[in-house]
Amino acid sequence: MKVFRGLPNAASRAPCALAIGNFDGVHLGHQALLSDLRAAATRLNVDAAVMSFEPHPRAFFAQLQGDLSKAPSRIANLRDNLSALDQAGVDRVIVEHFNAHFAALSPEEFIQKILVDGLHVKLVMVGDDFRFGAKRAGDIHTLKEAGERFGFVVQTMNTVERNGERISSSAVRAALAAGNFDEAKHLLGRPYQISGHVVHGQKLGRTLGFPTLNLRIAHHKPAVMGIFVVQVHGLSEQPLPAVASMGVRPTVDDSGRVLLETHILDQHVDAYGKVIHVEFLQKLRDEEKYVDLPTLTAAINRDADQARSYFKQRNGSATDRI
């Protein structure tokens, strides 16, 4: 799969069937759409392409208005979204930088510059509530009229339901916010996890007796926040039991930066620079600010003990079933 930051150069602008959307989490609803996109691309003998946006348009406008509460929480980072799109059979991903210039494009400019001249679309797949262009002036009817003029087909995405409810990124966010990882798994079609390169931190965890594997979180509003039982994939043949904190570390840091810190239980693993996948299993509690480091250390001890109990019970249950 090829990934482009913005429009491809002229040599890479082969005709395509294009789906437009944020695809946050690439849940089962997205996957059904991408299956339809793949089939259409095969039928037309063109690439299956996806256009997504960074940052999320709603996050851009929320920051512009100075009210980040209006920004949606992020289910997945760009790495994980791209990996899921690749697994769904997408040939090309265009990650458009959503900024003031892009937001100011009129519907006509978006169609001409982006879809026709920039991507040579033969088919465009969008939701039936799709709006585009400055002040959201363009809609599905605008797009279909343009398709008749420029020779591309417009296809709307079918809603995918589970137990009578629409599968959506909002539903995934709600499940994750509630710590309901079983529900999130059913909506995503896979366990919920976050991946990334392990980076150096302040080494405070090591000082406190709890060394951590640190992943930077690029966005400021992840869909999960707090302390969790997790398991880590990518460092051994079997996933490693661990406990993790996703948050801003209010006791030791006032920068507001979000970090995912994962402590592997009862063993030391050197993982700097490696790519790991942190799978979330159970929420233990919300993040808290403590009066001093000894109080913080005691809380981490309790979290680690709870995580050990979780794995002991889970492994015992698995043994009982054999």
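**Exercise 1. Determine what percentage of the residues of the chain count as buried.**

Solution. Take buried to mean under 20% relative accessible area, with exposed over 50% and partly exposed in between, for a 1.4 Å probe and protein chains only. Under this criterion, 47% of the 322 residues of the chain count as buried. This is a predicted model, in which local features need pLDDT of at least 70, side-chain atom pairs count only at pLDDT 80 or more, and totals for chains, interfaces and linings use all residues. Residues are numbered from 1 along each chain as its sequence is written, and side-chain values use heavy atoms, with hydrogens and water left out.

**Exercise 2. Compare the radius of gyration of the chain with that of a compact globule.**

Solution. The radius is taken over C-alpha atoms, and the globule rule is 2.2 Å times the number of residues to the power 0.38. For 322 residues the rule gives a value near 20 Å, and the chain has 22 Å, which agrees. Along the principal axes, the C-alpha atoms fill a box of roughly 70 × 50 × 40 Å.

**Exercise 3. Describe the place and the surroundings of Gly6.**

Solution. Next, Gly6 counts as buried because its relative accessibility is 11%. Then, leaving aside neighbours within four places in sequence, Gly6 is in contact (heavy atoms within 4.5 Å) with Ile94, Val95 and Glu96. Finally, the C-alpha atoms of Gly6 and Phe98 are separated by 9.6 Å, although these residues lie 92 residues apart along the chain.

Note on methods. Helix = DSSP H or I, 4+ residues; strand = E, 2+ residues; numbered from the N terminus.
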